[in-house]
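Here's a quick look at a few packing details. Have the structure open as you read.

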Amino acid sequence: MSNLSSVIKSIQDIMRQDSGVDGDAQRISQLTWLLFLKVFDALEEELELTRDDYKSPIPEAMRWRNWAADPEGITGDALLDFVNNQLFATLKSLSGDAQRNPRGYVVRGVFEDAYNYMKSGQLLRQVINKLNAIDFNRQAERHQFNDLYEKILKDLQSAGNAGEFYTPRAVTQFMVDMVNPRLGERVMDPATGTGGFLVCAIEHLRKQVHNTEEEAILQNSIGGVEKKQMPHMLCVTNLMLHGIEVPSLIAHGNTLARPLRDYTPAERVDVILTNPPFGGIEEPGIEHGFPADVRTKETADLFLVLIKHILKTNGRAALVLPDGTLFGEGVKTRIKEQLLAECNLHTIVRLPNGVFAPYTGIKTNLLFFTKGKPTEHVWYYEHPYPAGVKNYNKTKPIRIEEFDAEKAWWGSEVDGFAARVENERAWRVSIEQIKAANYNLDQKNPHAAEVVSHDPEQLLVDYARLQLEAQSLRDQLKSILAQSLGAPA
Amino acid sequence: MSAVLTAQEPSAKYLVQLQPPLVRHFDLIAQAPGGVARLRELILTLAVQGKLVPQDPSDEPASELLKKIRAEKDRLIAEGKIKRDKALAEIADEAKPFELPDGWQWVRLNALLQKIGAGSTPLGGKEVYVSSGVKFLRSQNVWDDGLRLSSVAYIRPETHAKMAGTAVLPNDLLFNITGASIGRCALVPSDFDEANVSQHVTIVRTVLPVLNAFLHKVLVSRHVQQTVMDVQVGVSREGLSIAKLGNFLIPVPPLAEQSRIVTRVEELMQLCDALEASGQLEAQQHAQLVNTLLGTLPQSETPEALADNWQRIATHFDLLLDRPEAVDALEQTILQLAVRGLLVPQDPTDEPASVLLQKIRIEKDHLIAQGKIKRDKPLQPITDEEKPFELPLGWELVNVGTVFQTTSGTTFDLGMEKDAGTYMYVKVGDMNLPGNEIEITTSSRFIDPDEKTAKALIPVGSIIFPKRGGAIATNKKRLVTTPIFVDLNTMAITPIMVLTAYALLWITTIDLASLNTGTSVPQINHKDIDPLPFPLPPLSEQSRIVTRVNELRDLCADLRQRLSAAQSTQGHLADALVVV
């Protein structure tokens, strides 16, 4: 690990000297396509060993082994010329569609919007040589690489894009565990980001794989869409590293741009796991793909409508949503009304502040629902900070062990979660109560003593309110006393 | 931004850049309870994370500094001055507590040291301490801001000579490793002469003294203090050993940056000192101002003076009543005004108190004839000179004994005290039971009385208070709403044809401790209570006063609650904003 991370660090240091690479985002983007090619080549090496008829979708001269692997290979302007004018041009125009040549399709998809930022061929050669120090075919190193990879993903997030948050591994893990995808089911994330949920789902499904037929089923059961180029590229590489040979089911595009009515029954999925971008607004026109009564520009709301639509009957979903969606009104009320009528929203896990720190301090919830039956009641579970922790942060993130209490409490959907009991963290709210509250899902824990907020914004609001109330009380006191003590009339 | 920040301290701008929300609400935090302490913690945290001053890429990196330390250490080893050190455990990436800026390095504390070791305490108990000689430093002398030597012990030079291994040298760092002051760390001044240390204090001696100033900041920062608490009071409770201390992870900046950080920290700490001092002064002055201004009200000689005095308060009412303590003071003033007849206007059509007084006399004689109360001794009437203030129209000033029946409690045979029974038996301690805050609703002991003892029942409408012992000073007064028994450390006053609620108001303004006439044991007797002057308003005015006071006290209670809540919110806000 320390070896790998020092390699990555020294690569970043080299890139810093290059006048073309500006900022973390570009640095990571550059590193990503290089990594992709290297990883792709490593996987191909394996495939060549195991399959006699393996044929690379990449022309021979463009393969990593043939232009990059030799540390004494082309460098300087020659390398730069090759990369800019041959490599990128070729990969961007690879022939092949998703069915007949899926590998070519994946490579082309990755390079579609990729760009070589580096302007010095010498520095580029240094970077490549550093990369070659890593052996992705060694199982041990590949395993470590996954961790390292997540670190790069985190750096990417630190570089900062509004509305997109790296979902902490503990949260994705918990959601996947609870939704429990079974082999043969189709799993989908309509906003993959860098693929955290899908990778988690793959690991979950792989435990159910015992032979090559089952592996083939797994290979074709993971799908997703990502709007932005760099997360998409990272997602594809991420999936390849987790054993998806041809991540051709990961599309680069905006899920919401496709009108709802275009989805055929055959396209519906069994399981949706996602953390849709929230707080974002869609470009004008997108909402026209949605039924008139739920038209809105707000991204998270549209995703909720979409997820409800593309789930199969009895399909399960788990998603991350901000507090705002739970108590929002107007179109949000109608969306929630429909959701509760068509799906059984059985559980909402309320997360404390800071789970997504440092990207956002916004309060979030995990919603679990199953399509096909209307909601009768919603179970809430308030996830507490571990003892002694006041907030999560980059170095002390939320941990999967913290969800042990929820897992023990969870019960089984088959019997309608009959085993669940109310406790100081868990409480049940009937659909009547929710209707009476105008579909406000922001239902407070009746068992909790008043908890101290650690959200500065909330505290400031509280403070201002208390000051205002104190002022009004002072005014009353003053006026009564003035009556008694003021100058005799 | 805070006026204090802009005016006083240009270097505070660094905090501005680092923590915009912190600075936006700086005043709120600085004034919060413990807010300055949080700021100090924040400053140290930022300092050791390299966020307090910008990095200078031209600084020689810490790795070079570490090489020099190693070379110096090797030289000392070669000269036989120190023992060869063992190789230190590698620091794994995942063990690193936070990201460091470029040019910084994580090391284990031992890597910077030529010596780390606890002192020792000479044998022989107190005998070894002498009035002068060589200083002997104990944990109570070690403070983060330096050595405090006012209570320092001394040992004989001979004893000192025997303990050369634990001698303190100038520039040493001293670190408390046990006891309540664990984690406290002092930097020994460079002009310090000599001393020894006890086994509770560890000597931390760096290879290069130039490292000390920054290292001291690291040792007192949360980063190290939290580690100390973790090993000390964590689940395992393993305690802090010197070996563990030596393995602590220390962030090392380039040398040049160390000195910039230390300078900046010192500047900011001075700002904190100033904030703290001005905060304390402000609190004192505020309390004094509130007490003085409110005090003028009951002392007003005329209605005009009262109106003037009130006007002065009204003008600054919001400023004065901005904290719970000020509301307490206002409430006391309201009560005083109430029993002075200044809170509600007099009504000339009310039946005057003099008539009420005659009725009380008749009622008393009636009760005496029935044997319900004892015949009272005539009290010395209150002369005009004795009257503390001019009485409002229709009021009378009388002795307490004239309008109250005063009773002391009885002690029962232990056998009569029960866990349950017909009547509550209330002792002083029972006044503190939950539910008894205002009136007596519960007790720990009960009595089933016989015919004779039933006479000792305290009737409804009485007010009870402690009459003996230190409890007098607590000024507790409780209302009796069902007949009860009280023990002999308790006294009751029962109003005769006076509203109990008014009587309670009045007695709340009386400081029982000032009535104490006991010599060795504080005590209040009938002779202390009965002659007290009691301002008696007409009956219907009593009722108006009570209504008005209750209204005002409810408002005061609400206001106090909001102000306390605002203070604690302020505290939480400081916590939340100061988190790094």
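## Helix on helix

In this predicted model, Val36(B), Leu39(B), Arg40(B), Ile43(B), Leu44(B) and Ala47(B) of α5(B) touch Ile261(B), Val265(B), Leu268(B), Met269(B), Cys272(B), Asp273(B), Leu275(B) and Glu276(B) of α11(B), where contact means heavy atoms within 4.5 Å. Sorted by class, that contact has 11 nonpolar, no polar and 3 charged residues (nonpolar: Ala, Val, Leu, Ile, Met, Phe, Trp, Tyr, Cys and Pro; charged: Asp, Glu, Lys and Arg; polar: the others, Gly among them). The axes of α5(B) and α11(B) come within 10 Å and cross at roughly 175 degrees, so the two helices are roughly antiparallel (over 145 degrees). Axes are lines fitted to C-alpha atoms, for helices over the stretch in contact, with angles from 0 to 180 degrees between N-to-C directions.

Now the sheet. An open, antiparallel sheet of 4 strands in chain B runs β15-β21-β18-β19; strands pair if DSSP finds at least two bridges between them. Its edge strands, β15 and β19, each pair on one side only. Helix α17(B) packs on the sheet, and its direction makes about 25 degrees with that of β18(B).

| Element | Residues |
|---|---|
| β15(B) | 404-408 |
| β19(B) | 478-479 |
| β21(B) | 490-495 |
| α17(B) | 500-508 |

β15(B) and β21(B) pair over 5 bridges, with Ser408(B) opposite Met491(B).

Local features need pLDDT of at least 70, side-chain atom pairs count only at pLDDT 80 or more, totals for chains, interfaces and linings use all residues, and side-chain values use heavy atoms, leaving out hydrogens and water.

How values were computed:
Residues numbered from 1 in each chain as written. Chains lettered and ligands numbered in written order. Parallel < 35°, antiparallel > 145°, perpendicular 65-115°, else oblique.
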